[in-house]
Amino acid sequence: MTTVPPQSTEKDRRVSRTVVEALGLTDRPSVPDGWSLTSKGVYQVRPGKGDQEPTYDRITTTPLVITRILTAPDGAQSVELAWRVQGRAVRHVIPHEVAKRGRELVKALGALGLPTSESYASAVEKWLLAYEDENAATLPRAQLRRWLGWQPDGTFLSAPDGVDFQASYESQTAPAAGHRSAGTLGGWQETARLLEAQPIARLCVAAGLGSPLLRPLGVGSTTVDISGFSGRGKTTSAEAGISTFMNPLETGGAAYSWASTLYMVEERMNLVRGLPVLLDESQHIKPNDRERVGELLYMIPTGRGRSRAKGWNSGLEWECVVLSTGEQSLLTMSNHQGISARVHRVEGEPMSDAATANAVRAGFTRHHGHAGPAFVQRLSEVLATPGGLEGLKLRHEQMTAELVGDSAISARRSRTVGVFALAEALASEWGILPYQPMGPAQWLDLFAASTESDDRPRQALDKVREHIGTRMHELWSKSTPQLEAAGFTRTPMQWLGAYTTRDGEERVAVRPQAVEDVLERAGFDLAAVIGRWVADGYVATTIEKSGKVRPRRKVRIGSASVWMIEFTAAGFPLGDDSDE
C-alpha cells in the first residue's frame, strides 16, 4: 500500500498533463473510477472502511495506457499500449485477446520491458479493461495491415513504412523489413539497361513487375524455375526481379532460401498479396522434403497452403510470383505430369558474362524498391479509370492468344506468361523500363528449351528403354533353349521379361516390379506415368470381365504365365533381328 497519489485529490478525472506529455498522447483521456494514474505508475484504489481513507495499490511502476484500437483485415482487433521505460516512451501493439488474459498479458508486456509483476496480472488486465471502457468513444481507431500488397480496401502496400503494420507471424518481421527502397528510380533504370540483351533476367524483372497484375487479371500465383549449373547468373537474374520492390540480397531479409523449412516458405509467401518472392538454392531441398515441395508447387496457383488439422499455420493464403533458383530443377521434386504446367522452367545462360552479372548485382544492391511502386501507381490509375480494368483484361487475352505455342503445356502456361509480357509492355510504355518489350517469339523461346523436360511420362519411358536396352539378354523368348539343357536355373520371375508377338507385332514385356525399381531410382512413380503410356499407345492393356482396363498382359515364360507390362512397338521399337 502507498500514500495517496496527488491525482486522487483532484476533481478532474482526466489524465494529468504530466502523463500526457510523458507518453506523447494527443489528448487527455479519462481515468476510470477505482483507479489512479500518475507519472509513478498505475494504482488500484481500494475504498477505506468507515471514515478511513482509501488505500492505493500500485500495480505498475510506470504509467500504462491504451493509445489506439487497431482492426486487422480479418476483423481481429489489437490494442496499442504506451508506457515509459528508462525515461523514454515506448509503444507496442498486442492482440486484443491477449490484453484480456492477465497472465498472458503480463508475460507479453514483461518481455517488452513493462515494469510489473505476475502477481498483478489480474489487476493489470482489469485496469486496461476499465480504461478502454471509460474512453471507448474517444480512443483513436485505425486499420492494421497484416500483409504487403493488395489490401481489402483496394489500396496497395509496397513496404511496411508509414502505416500501421504488424505481420501475422513473428518470423515474417524480417522479410517485411526487407521491403524497403534504397537509391533512386533513375539509378535502378540505369542498371536495368544492362539487361536489354539478357532475356532470362528480363523475364525475372517482368515477373516481379507482373505480380500486382495477378489479382486484377484473375490469374493465380505461379513459379518461375531458373535452374542449371552454378556461376551462370541465376541468382543475380532472380535478384533483378525482386529488386523492383525490395532489397534483393538475402542479407536484406526479403530474399529467402529453399534451405528454410517448408513452414517458413509458406509463411514467406503468406506475407504478400501481389509481390514477387525469391527462393534461392533449390539443391538444398532435402530428399525427404521433395514430395512435399512438389505438393507445395501444386498449391501455389491456388493461393492457399495445405490445410492441416492442427497447427497455427494451416491454410495460409498468398498471391505472388515465386522466383526459384538452383542447380536442381523443381520439376524433379514431383513425379506428376501436372507440375509442368504450374512451374515455368527456364533453361540457358541467364547472364552472358560475369562482368555484366557483377555490375547488375552491384547496381540493384544500391538502387531497389522504386520500379515496383511506380508500376503500381500507374496501374492503380488505370484501374480507377472507367473501362480501365476491362481494357487490361482484353489486352492480356490478346497477348495470351499469341503465346499459346505448339504444345499442351505451353498452352496451359500461356495465361501467366501473358501476365509477364503485359507487365513488360506496360512498364516500357510508362517509362519505367529503359528498353522495348520482347515479342511473342522471344517469350516462347524462353520456355522452348524446357519442352522435352515438361513431358515427365516420356522421360520416364526413356529411363525404362535405357534399362531394357542394356539387358536384352535377360529377355526370354521362344527361341531360348530349354533352361535345364542350357544350364540355367532361373525361375520365370528371375528373367527381366520376355519377347512377345501379338497382332503380328514384335513386343517386349517386362516385370512390373523391375519397371517400378528403375523409375524409383530415377525419381519417377510408375502410377503417375503409366496412364499416359496407355493413352499414347505405348503399353498394351487387358480388359477384365468387370470392364476394368488393366495395363498388364499375361505373358508366357517357358511353362509359366506371368502378368507383365507389355510395351508395344511404339513404346519399345525393335529391329528385325531383335531376338538375337
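Start by selecting arginine 46 and aspartate 57, which form a salt bridge (a side-chain nitrogen of Lys or Arg within 4 Å of a carboxyl oxygen of Asp or Glu) with the closest N and O atoms 3.8 Å apart. The pair links distant parts of the chain, 11 residues apart: arginine 46 is in strand 2 (residues 41-46) and aspartate 57 in strand 3 (residues 55-60). Helices (H or I, at least four residues) and strands (E, at least two) are DSSP runs, numbered from the N terminus. Arginine 46 is partly exposed, at a relative accessible area of 35%, while aspartate 57 is buried at 15%. Here buried means under 20% relative accessible area, exposed over 50%, and partly exposed in between, with a 1.4 Å probe and protein chains only.

The model on screen is predicted, with local features needing pLDDT of at least 70 and side-chain atom pairs counting only at pLDDT 80 or more, whereas totals for chains, interfaces and linings use all residues. Residues are numbered from 1 along each chain as its sequence is written, and side-chain values use heavy atoms, leaving out hydrogens and water.

Select arginine 215 and glutamate 319 next. Their closest N and O atoms are 3.1 Å apart, and the two form a salt bridge. Arginine 215 is partly exposed at 39% relative accessibility, and glutamate 319 is buried at 14%.

Go on to helix 19 (residues 456-469), where arginine 458 and aspartate 462 are four residues apart and so separated by about one helical turn. They form a salt bridge, with 3.8 Å between the closest N and O atoms. Arginine 458 is partly exposed at 37%, and aspartate 462 is partly exposed at 31%.

Then select Arg68, Glu80, Arg91 and Asp164 together; salt bridges link these four in a network. The count for the model comes to 21 salt bridges.

**The nonpolar cores**

A nonpolar core is a set of buried Ala, Val, Leu, Ile, Met, Phe, Trp, Tyr and Cys residues joined through side-chain atoms within 4.5 Å. Select Phe375 and Trp443, which touch the most other members of the largest core, a set of 87 residues. Helix 16 (residues 408-429) gives the most to this core, with nine residues.

Stay on phenylalanine 375 and show its contacts (heavy atoms within 4.5 Å). Leaving aside neighbours within four places in sequence, these are Leu209, Leu213, Ala423, Leu426, Ala427, Trp430 and Ile432. Apart from this core lies another, of 33 residues, among them Leu25, Val65, Leu114 and Ala121.

**Two buried loop residues**

Select proline 212, in the loop between helix 7 (199-210) and helix 8. Proline 212 is buried, with a relative accessible area of 0%. Not counting residues up to four places away in sequence, proline 212 touches Trp150, Phe156, Phe245, Gly274, Val376 and Leu379. Draw a distance from proline 212 to arginine 146, 66 residues apart along the chain: the C-alpha atoms are separated by 17 Å.

The last stop is serine 282, in the loop between strand 12 (272-280) and helix 11 (290-299). Serine 282 is buried, at 0% relative accessibility. With neighbours within four places in sequence left aside, serine 282 is in contact with Trp258, Ser324, Thr325, Gly326, Glu327, Gln328, Leu330 and Met333.
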